[in-house]
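Please take a moment with the sequence and the model below, and then follow the account of its aromatic rings, its core and its surface.

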Amino acid sequence: MSEQLDQVFGQLVHRSWERYNEQLRTREIDDLLVGAVITAGVAQDYSLIDLTSDGNSHYLRFQHRQNKHRLMFQLAHQTGTVTAAKTLGQYAAVTIAYGEYVQDARTVWQALKTEVKSGFLDVGEPGVFTVDADLGTGYVYVQVPLLLDLDQYFADHYTIKYPVLQQHIAAVVQACAKYLHGRIAA
């Protein structure tokens, strides 16, 4: 009887560790995502110039070392509980913005603002481009929100699939840059 109870105890401890690791992964994936985006950005010759968090979202801003283009990310992990992660998978609301310095940003921004005053756009919908400007710095940005499956970026608990992450970031940046160039040239 003692040996059987030892086995039961061992099974309880083993399952407890499985649950503990599930909880740990769910809590840590938010930080892992931030670190992965920073590493991917730096690998693409961007410098991290700002990082803030408000408790719900993380905001990262990068500047390319040579051409001075900027990238901004808003990252918000959406599945913060084990139950949500098991039901929905690990995913995050991610907004990526691409910006360029524009000589006469105020004039460009006014023209773009007039163009996009339509009430038909829901800026919270995935894949909808919006334009913004930082008139203090002269940068005009195009941003797009997405809901991303985080499991596609993690091979296991701590291994990041950087080629996939970098390709996805590059695809979004290219789409935003094309949109921006199309709007500025129009």
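**Rings, core and surface**

Tyr101, Tyr139 and Tyr141 are linked into a cluster by ring pairs, where rings of Phe, Tyr and Trp (its six-membered ring) pair if their centres lie within 6.5 Å, and planes under 30 degrees apart count as stacked, over 60 as edge-to-face and the rest as tilted. The model is predicted, so local features need pLDDT of at least 70 and side-chain atom pairs count only at pLDDT 80 or more, while totals for chains, interfaces and linings use all residues. Residues are numbered from 1 along each chain as its sequence is written, and side-chain values use heavy atoms, with hydrogens and water left out.

The chain has four helices and six strands, which are DSSP runs (helices H or I, at least four residues; strands E, at least two) numbered from the N terminus, and along the sequence they follow the pattern α-β-β-β-α-β-α-β-β-α. Of the 186 residues, 36% count as buried, meaning under 20% relative accessible area, with exposed over 50% and partly exposed in between (1.4 Å probe, protein chains only).

Leaving aside neighbours within four places in sequence, Phe73 is in contact (heavy atoms within 4.5 Å) with residues including Val37, Tyr59, Ile96 and Ile169.

The structure holds five aromatic pairs. One of them joins Trp17 and Tyr20 edge-to-face, at 5.3 Å centre to centre and 80° between the planes; both residues lie in helix H1, three residues apart, about one turn of the helix. Trp17 counts as exposed at 51% relative accessibility, and Tyr20 as partly exposed at 39%. Tyr101 and Tyr139 also form an edge-to-face pair, at 6.1 Å centre to centre and 70° between the planes; because Tyr101 lies in strand E4 and Tyr139 in strand E6, this pair ties together parts that are 38 residues apart in sequence. Tyr101 is partly exposed at 47% relative accessibility, whereas Tyr139 is buried at 6%.
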